[in-house]
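Trainee: I have a model open and want to go through its contacts and packing. Can you take my questions as they come?
Mentor: Go ahead.

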Amino acid sequence: MSDTLGGLVDKLITNNTKLWHVQDAVHSAAAAGEGLDADTVAKLHSLNLQRNRLMSEIDKTLADAVKTGKAEVDPRVKII
């Protein structure tokens with residue numbers, strides 16, 4: 001089963017939170033006059049790639065739902 005829209009949005013929120021924390025560390029280092037270490041650069045790169053992939057998946061999921069008039073629902077969610 002592919003991810004539902006809600007699952008993708010949840011992943012994007014988590015990713016954005018992680019990205020914010022790394023960017024905060026970058027700004028703190030810059031304010032202290034320090035450079036970036038390789039680990040921080042790798043984290044930024046990885047999180048940005050994940051973020052772009054998730055945004056593309058959300059766009060595709062929304063486009064498919066609009067086109068078909070149906071959206072996949074997690075079976076654990078009760079719909080009245």
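Trainee: What does Thr4 touch, leaving aside its neighbours within four places in sequence?
Mentor: Thr4 is in contact with Glu72, Val73 and Asp74. Contact means heavy atoms within 4.5 Å. This is a predicted model, where local features need pLDDT of at least 70 and side-chain atom pairs count only at pLDDT 80 or more, while totals for chains, interfaces and linings use all residues. Residues are numbered from 1 along each chain as its sequence is written, and side-chain values use heavy atoms, with hydrogens and water left out.

Trainee: Where is Thr4 found, and is Thr4 buried or exposed?
Mentor: Thr4 sits in the segment before H1. Helices (H or I, at least four residues) and strands (E, at least two) are DSSP runs, numbered from the N terminus. Thr4 counts as buried because its relative accessibility is 15%. Buried means under 20% relative accessible area, exposed over 50%, and partly exposed in between, with a 1.4 Å probe and protein chains only.

Trainee: Moving on, which residues make up the largest nonpolar core?
Mentor: Five of them: Leu19, Val22, Val26, Leu44 and Leu47. A nonpolar core is a set of buried Ala, Val, Leu, Ile, Met, Phe, Trp, Tyr and Cys residues joined through side-chain atoms within 4.5 Å.

Trainee: Which elements give two or more residues to this core?
Mentor: Helix H1 (5–31) and helix H2 (38–68). The largest share, three residues, comes from H1.

Trainee: And Leu47, what is that in contact with, neighbours within four places aside?
Mentor: Asn15, Lys18, Leu19 and Val22.

Trainee: How do the axes of H1 and H2 cross?
Mentor: The two axes come within 9 Å and cross at roughly 155 degrees. Axes are lines fitted to C-alpha atoms, for helices over the stretch in contact, and angles run from 0 to 180 degrees between N-to-C directions. H1 and H2 are therefore roughly antiparallel. Angles under 35 degrees count as roughly parallel, over 145 as roughly antiparallel, 65 to 115 as roughly perpendicular and the rest as oblique.

Trainee: Back to single residues. Is Leu54 buried or exposed, and what does Leu54 touch, not counting residues up to four places away?
Mentor: Leu54, in helix H2, counts as buried because its relative accessibility is 4%. Leu54 touches Leu8, Lys11, Leu12 and Asn15. Leu54 and Val9 are 45 residues apart in sequence, with their C-alpha atoms 8.0 Å apart.

Trainee: What about Gln23 and Lys60, how do they count by accessibility?
Mentor: Gln23, in helix H1, is partly exposed at 35% relative accessibility. Its C-alpha atom is 7.7 Å from that of Leu44, 21 residues apart along the chain. Lys60 lies in helix H2 and counts as exposed at 53%.

Trainee: How far apart are Lys60 and Ala42?
Mentor: They are 27 Å apart, C-alpha to C-alpha, and 18 residues apart in sequence.
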